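Colleague: I have a model open and want to learn how to read it. Could you take me through it feature by feature?

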Amino acid sequence: MKHYRILAIIIACIATLTLISCKSGHDNDRIITVNLSEVNKKRVVNLSDWVSVPEFIALDSSSEDAYTEGGNCCVSDNYIGIYGSSQIYKLYDRKTGKFLRNIGKVGKNDGEYSNVYNSVIDEQNSRVYILSWNAKELLCHDLNTGELIEARPLKHNVPKGAFVIDPETGELTVATLPFEGENETVVWKQDKEDNVLWEVPAGDLSLVPDYSHEIVGAFNTEDFDFSISTWGGRVDSLYVVKDGFLKPIFTMNFLKGNQKAASSVLPNHTYTLLPDHIITSVSMPVRRASGYYSYGKPVFVVTERETEHSYVADFTDDILNRKLEYLPFTQGYYMEVFTAEDFIKIGKLALSEGKLSGTSKARISEILKAITPESNDVILLAPLKR
């Protein structure tokens with residue numbers, strides 16, 4: 001316990017001062033600190049500069065059971081898992097889009113789930129892991145049958161969480177929203193027998209229980225990146241999880257001069273870690289006639305990890321010829337799910353005006369010939385350039 005108290009003090013000091021630590025995979029050993037008021041340059045960023053040739057995957061429409069209502073994806077080399085708030089988890093072949101099977105069962109009984117929040121497909125061990133909202137256990141299913149194999153008990157309750165699992169050792173690392181009065185730990189690791197190897201106290205990261213908060217982990221690098229997005233915003237950092245502690249690598253100062261922090265003036269924001277960049281999505285508060293605040297469209301601030309240079313970016317999808325208003329960079333991909341109706345419109349425009357390779361043109365043309373507005377979803381996977 002004494003060790004954990006010391007860790008809590010260290011973490012609180014680091015999060016407040018945000019002046020120590022380093023960037024994973026880069027030479028500079030300082031935390032990157034950006035003052036938003038000093039970011040004056042603007043730049044147009046073409047998606048094709050950041051990603052390589054995209055895959056377009058039309059999901060199976062051959063049966064009613066093949067259709068999905070979820071918009072969240074988990075991707076592995078050969079599979080795609082699709083999940084949403086209350087629908088059953090569905091598994092597809094990545095190359096063909098063929099529906100393979102449902103994974104697990106929706107419900108409130110032991111071994112069932114009602115809202116999937118996060119997932120990992122482990123092809124090496126033929127497993128699909130599901131972490132639901134308010135999880136007390138991690139559900140492990142057979143990749144080939146969809147049946148439940150085991151429900152691994154979690155050391156702490158996970159209202160919303162992110163996790164990684166080592167396919168060799170079975171060791172599990174979990175990050176959770178640290179709700180006050182519920183979770184005194186924000187990140188921990190447990191072995192395959194579910195003994196806790198280490199845990200990091202929440203300290204100043206503790207939150208008033210509110211499900212508008214989000215765990216953010218993009219998993220675009222080898223690091224387990226971690227941050228917490230809060231409605232109303234607060235001064236915080238982007239971390240990477242190391243054995244036994246959180247390592248801050250980036251923070252943004254949203255205040256000017258002697259301006260004091262207040263929830264009414266701090267923007268809502270999220271951090272996305274990429275191999276060479278960090279994207280901060282900033283939504284400024286807007287005071288409505290009623291006197292209440294809401295948030296406007298996000299502005300994207302890009303920070304180059306090597307040079308620490310920052311600029312405001314307008315992201316253009318020059319591949320499909322459209323402006324991007326959100327940036328789903330995750331698991332090493334630009335990843336987007338389209339309804340068939342939307343893809344028909346976007347695909348036709350891309351064929352006439354987009355920046356498509358011959359392979360992509362042929363694939364989009366093939367999909368457009370086969371689908372109707374009532375068909376299943378189409379997925380875009382564009383690998384990040386390294």
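Colleague: How much space lies in the largest cavity?

Modeller: Start with the idea. On a 1 Å grid over the protein atoms alone, a cavity is a set of points where a 1.4 Å probe fits but cannot get out, and a pocket is an open set with protein on both sides within 12 Å along at least five of seven lines. Lining residues have an atom within 4 Å of a point. Grid points are joined across faces, edges and corners, and the volume is the space filled by probe spheres set on the points. Here the largest cavity holds about 40 Å³. The structure has one cavity of 30 Å³ or more.

Colleague: What should I know about the model and its numbering before I look further?

Modeller: This is a predicted model, where local features need pLDDT of at least 70 and side-chain atom pairs count only at pLDDT 80 or more, while totals for chains, interfaces and linings use all residues. Residues are numbered from 1 along each chain as its sequence is written, and side-chain values use heavy atoms, with hydrogens and water left out.

Colleague: Which residues line the largest cavity?

Modeller: Look for L205, F226, S227, I228, R234, D236, S237 and Y239. Strand β17 (residues 225-229) gives the largest share, three residues. Helices (H or I, at least four residues) and strands (E, at least two) are DSSP runs, numbered from the N terminus. Next, sort the lining by class. Ala, Val, Leu, Ile, Met, Phe, Trp, Tyr, Cys and Pro count as nonpolar, Asp, Glu, Lys and Arg as charged, and the others, Gly among them, as polar. This lining has four nonpolar, two polar and two charged residues.

Colleague: How much space lies in the second largest pocket, and which residues are closest to its centre?

Modeller: The second largest pocket holds about 270 Å³. It has 15 lining residues, and E112, S132, N134, K136 and E137 are the closest to its centre. Strand β10 (residues 135-142) gives the most to this lining, four residues. By class, the lining has four nonpolar, six polar and five charged residues.

Colleague: Is S132 buried or exposed?

Modeller: S132 has 12%, so it is buried. It lies in strand β9 (residues 127-132). Now check its contacts, meaning heavy atoms within 4.5 Å. Leaving aside neighbours within four places in sequence, S132 touches Y113, N115, V116, Y117 and V158.

Colleague: What does N253 touch?

Modeller: N253 touches V34, N35 and L36, not counting residues up to four places away in sequence. It lies in strand β19 (residues 245-253). Its relative accessible area is 28%, so N253 is partly exposed. N253 and E38 are 215 residues apart along the chain, yet their C-alpha atoms are separated by 9.9 Å.

Colleague: How do I read a helix such as α3?

Modeller: An α-helix has 3.6 residues a turn, so residues three or four places apart point the same way. The expected span is 1.5 Å times one less than the number of residues. Helix α3 (residues 340-353) has 14 residues and reaches 20 Å from first C-alpha to last, close to the 20 Å expected. Its buried residues are A340, F343, I344, I346, G347 and A350. Their cover includes β3 (55-58), β28 (333-338) and α4 (358-370).

Colleague: How many disulfides are there?

Modeller: A disulfide is a covalent bond between the sulfur atoms of two cysteines. The rule asks for a pair of cysteine sulfur atoms within 2.5 Å. By this rule the count is zero. C73 is in no disulfide, and its nearest cysteine sulfur, that of C74, is 8.8 Å away. That is too far for a bond. C73 is buried at 8% relative accessibility, and C74 is buried at 3%.

Colleague: Where is F219 found?

Modeller: F219 is in the loop between β16 (214-216) and β17. Check its phi: about 55°, positive although F219 is not a glycine.

Key: Buried < 20%, exposed > 50% of the residue type's maximum accessible area, 1.4 Å probe, protein only.
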